[in-house]
Amino acid sequence: MPTQAKPTEEAISHLLHDEKQLYAPENLRREARLKDFDAECQRAAEDPDAFWAEIARELHWHEPWSKVFD
């Protein structure tokens with residue numbers, strides 16, 4: 001079985017600082033829970049804690065979270 005090469009520091013740094021935006025294909029966007037994708041992206045950018053806390057409330061948790069981002 002071939003082994004995979006480890007990524008270089010430069011490759012990792014590039015990925016961590018990449019600011020390109022990726023969008024889901026239109027058919028997935030239509031079927032997603034998000035009705036207005038661009039508005040949801042804007043809301044997530046303006047207040048990520050509130051946005052992700054709302055999303056997290058839709059999931060089952062064994063224990064409630066105390067902090068959205070850690």
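## Burial and overall form

Of the 70 residues of the protein chain, 11% count as buried, where buried means under 20% relative accessible area, exposed means over 50%, and partly exposed lies in between, as calculated with a 1.4 Å probe and protein chains only. This is a predicted model, in which local features need pLDDT of at least 70 and side-chain atom pairs count only at pLDDT 80 or more, whereas totals for chains, interfaces and linings use all residues. Residues are numbered from 1 along each chain as its sequence is written, and side-chain values use heavy atoms, with hydrogens and water left out.

The secondary structure of the protein chain amounts to 4 helices and 0 strands, and its order along the sequence is α-α-α-α; helices (H or I, at least four residues) and strands (E, at least two) are DSSP runs numbered from the N terminus. The radius of gyration of the protein chain is 17 Å, well over the 11 Å that the globule rule gives for 70 residues, so the chain is more spread out than a compact globule; this radius is taken over C-alpha atoms, and the rule is 2.2 Å times the number of residues to the power 0.38. Along its principal axes, the C-alpha trace of the protein chain spans about 40 × 35 × 30 Å. The protein chain exposes about 7,000 Å², of which carbon and sulfur atoms supply 55%; accessible areas come from the Shrake-Rupley method with a 1.4 Å probe, and for residues only the protein chains shown count as cover.

## Salt bridges

Side chains of opposite charge can pair when their charged atoms come close. With a salt bridge defined as a side-chain nitrogen of Lys or Arg within 4 Å of a carboxyl oxygen of Asp or Glu, the count comes to 3 salt bridges. One of them joins the side chains of Lys 20 and Asp 18, with an N to O distance of 3.7 Å. Lys 20 counts as exposed at 57% relative accessibility, while Asp 18, at 33%, counts as partly exposed.

Glu 40, Arg 43 and Glu 54 are linked in a network of salt bridges. Glu 40 lies in helix H3, which covers residues 37–46, and its side chain meets that of Arg 43 in a salt bridge at 3.0 Å, N to O. These side chains also make a polar contact at 3.0 Å, that is, a pair of N or O atoms within 3.5 Å, where within protein one must be able to donate a hydrogen and the other to accept it, and residues adjacent in sequence count only if both atoms are side-chain atoms. Because Glu 40 and Arg 43 are 3 residues apart in helix H3, they are separated by about one helical turn. Glu 40 is buried at 17% relative accessibility, whereas Arg 43, at 28%, is partly exposed.

The side chain of Arg 43 also meets that of Glu 54 in a salt bridge, with an N to O distance of 3.1 Å. This pair links distant parts of the chain, since Glu 54 is in helix H4 (residues 48–57) and Arg 43 is in helix H3, 11 residues apart. Glu 54 counts as partly exposed, with a relative accessibility of 33%.

## Helix H4 and the segment after it

Within H4, the residues Phe 51, Ala 53, Ile 55 and Ala 56 are buried, and what covers the buried residues of H4 includes H3. Two other residues of the helix are partly exposed: Asp 49, found in helix H4, has a relative accessible area of 41%, and Ala 50, which also lies in helix H4, has a relative accessibility of 37%.

Asp 49 touches Val 68 and Phe 69, not counting residues up to four places away in sequence, with contact meaning heavy atoms within 4.5 Å. The C-alpha atoms of Asp 49 and Phe 69 are separated by 7.1 Å, although these residues are 20 residues apart along the chain. For Ala 50 and Val 68, which are 18 residues apart along the chain, the C-alpha separation is 8.3 Å. Val 68 is found in the segment after H4 and is partly exposed at 31% relative accessibility.

## A nonpolar surface patch

Trp 52, Leu 59, Trp 61, Trp 65, Val 68 and Phe 69 form a nonpolar patch on the surface, and together they have about 590 Å² of accessible area. Patches are made of residues with over 30% relative accessible area and no salt bridge, like charges being joined within 9 Å and nonpolar side chains (Val, Leu, Ile, Met, Phe, Trp, Tyr) within 5 Å. Val 68 and Phe 69, both listed in the patch, are also the residues that Asp 49 touches when residues up to four places away in sequence are not counted.
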